[in-house]
Amino acid sequence: MAKITTAVLQKMKQQSDKITMLTAYDASFAKLFAEQGVDVLLIGDSLGMVLQGRSDTLPVTISDIAYHTRAVRAGAPDAFVIADMPFMSYGTLELTLQSVVPLMHAGANMVKLEGGDFLLPTVKALTERGVPVCGHLGLTPQSVHIFGGYKVQGKTEAAADAMLAQAKALQDAGAQLLVLECIPTALAKRVTDALSIPVIGIGAGNVTDGQVLVMHDLLGISSGYIPKFSKNYLAQTGEIRSAIAAYVSEVKSQTFPTNDHSF
């Protein structure tokens, strides 16, 4: 697999070549995902739920993310790796700059932060200091208590317009990638069409530049609730390698997600 960089991801958007992303937390799965052609590996703070058994992502620490980033990098030396910045690890600019160091040292190519307008100075400061940034709008799990649960965002005209404006502002501040989670497909298309940077969807329809799923959801092994936007590829194929290959193929061909996985 050719080495993926921000420039490669940008070219993929320009050529309408869909980007595939999966969460990864250890060397073995990282190696497998890279071998099956997954473009981007995300060390998500979702590890708090799928690995640690927590009810949400809030207890995850920088040390947790750094540990799993090192493991993923060891398994996939040439992969493009994004590390989540966990809850309140970027509450101030000073704290952000401290938090990002162990993640980049662990092998991350980029860090991901949740939120809009309040993050603009942070995104600008990170990119000026050589740290690539992925934004995250829509359902931002670290704000689950503000939202009152895991709910679709951007459903009203005002909320949609505000999210589009935030997406543009994040790009202008220097973000090189954007994740949209649990928003109406029509809004996802507006954002994707308006931005020059790649937009990755999860529960945002098949109109974005790529897709991301939590690996445990894709394999049907998440405990409890499996979200509407996911699909059990292991049940479909019966074998893990085939499940990953099917996910990559269906994202590339735009047969996943379908309307059944969208809002």
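Me: What kind of contact do the side chains of K252 and D17 make?

Reply: They meet in a salt bridge, and the N to O distance is 3.3 Å. The model is a predicted one, so please read every value here as computed from it.

Me: What makes that pair a salt bridge?

Reply: The cut-off is 4 Å between a side-chain nitrogen of Lys or Arg and a carboxyl oxygen of Asp or Glu. K252 and D17 have N and O at 3.3 Å, so the pair meets the definition.

Me: Which parts of the chain does this pair link?

Reply: Distant ones: K252 sits in helix α12, while D17 is in the loop between α1 (6-14) and β1, 235 residues apart.

Me: Why are K252 and D17 called partly exposed?

Reply: Partly exposed covers the range between the buried limit, under 20%, and the exposed limit, over 50%. K252 has a relative accessible area of 30% and D17 is at 32%, so both residues belong to that class.

Me: Which salt bridge does K252 form with D39, and what does the pair tie together?

Reply: The side chains of K252 and D39 meet at 3.0 Å, N to O. K252 lies in helix α12 and D39 in the loop between α2 and β2, so the pair ties together parts that are 213 residues apart in sequence.

Me: Is D39 buried or exposed, and how do you know?

Reply: Buried: D39 has a relative accessible area of 7%, and the limit is under 20%. D39 is also linked with D17 and K252 in a network of salt bridges. A search of the whole structure finds 9 salt bridges.

Me: What about K31 and E35: what makes them a salt bridge, and where do they lie?

Reply: The N to O distance between their side chains is 2.5 Å, and the cut-off is 4 Å, so the pair counts as a salt bridge. Both residues lie in helix α2, 4 residues apart, about one turn of the helix. K31, at 45% relative accessibility, is partly exposed, and so is E35, at 47%.

Me: Which residues of α2 are buried, and what do they pack against?

Reply: In helix α2 (residues 27-35) the buried residues are A30, L32, F33 and A34. They pack against β1 (19-23), β2 (40-43), α4 (62-75), α10 (215-218) and α12 (240-252).

Me: What is found at the start of α2, and what follows the helix?

Reply: At the start, a side-chain oxygen of D26 comes to within 3.2 Å of the backbone nitrogen of S28. After the helix comes G37, with a positive phi near 90°.

Me: Why is the aromatic pair of F29 and F33 called tilted?

Reply: The planes of F29 and F33 are at 45°. Under 30 degrees would count as stacked and over 60 as edge-to-face, so this pair is tilted. Their centres are 5.7 Å apart, and the pairing limit is 6.5 Å. F29 and F33 are 4 residues apart in helix α2, about one helical turn. F29 is partly exposed at 23% relative accessibility, whereas F33 is buried at 0%.

Me: Why is the pair Y233 and Y247 edge-to-face?

Reply: Their planes stand at 75°, with the ring centres 5.8 Å apart. Edge-to-face needs over 60 degrees, so the name applies. Y233 is in helix α11 (residues 233-237) and Y247 in helix α12, 14 residues apart. Both Y233 and Y247 are buried, and together with F256 they form one aromatic cluster.

Me: How do the strands of the barrel run?

Reply: A closed barrel of 8 strands runs β1-β2-β3-β4-β5-β6-β7-β8, with parallel pairing. From one strand to the next, the twist averages 25°.

Me: What makes β1 and β8 a pair?

Reply: At least two bridges are needed, and 4 bridges join β1 to β8 (residues 210-213), so they pair. M21 stands opposite V212 in β8.

Me: Why does Q171 count as buried, and what does it touch?

Reply: Q171 is at 17% relative accessibility, and buried means under 20%, so Q171 qualifies. Q171 is found in helix α8 (residues 157-173). Leaving out residues up to four places away in sequence, Q171 touches L195, S196 and I197.

Technical notes:
Residues are numbered from 1 along each chain as its sequence is written. This is a predicted model: local features need pLDDT of at least 70, side-chain atom pairs count only at pLDDT 80 or more; totals for chains, interfaces and linings use all residues. Side-chain values use heavy atoms; hydrogens and water are left out. Buried means under 20% relative accessible area, exposed over 50%, partly exposed in between (1.4 Å probe, protein chains only). Helices (H or I, at least four residues) and strands (E, at least two) are DSSP runs, numbered from the N terminus. Contact means heavy atoms within 4.5 Å. A polar contact is a pair of N or O atoms within 3.5 Å; within protein, one must be able to donate a hydrogen and the other to accept it, and residues adjacent in sequence count only if both atoms are side-chain atoms. Axes are lines fitted to C-alpha atoms, for helices over the stretch in contact, and angles run from 0 to 180 degrees between N-to-C directions. Rings of Phe, Tyr and Trp (its six-membered ring) pair if their centres lie within 6.5 Å; planes under 30 degrees apart count as stacked, over 60 as edge-to-face and the rest as tilted.
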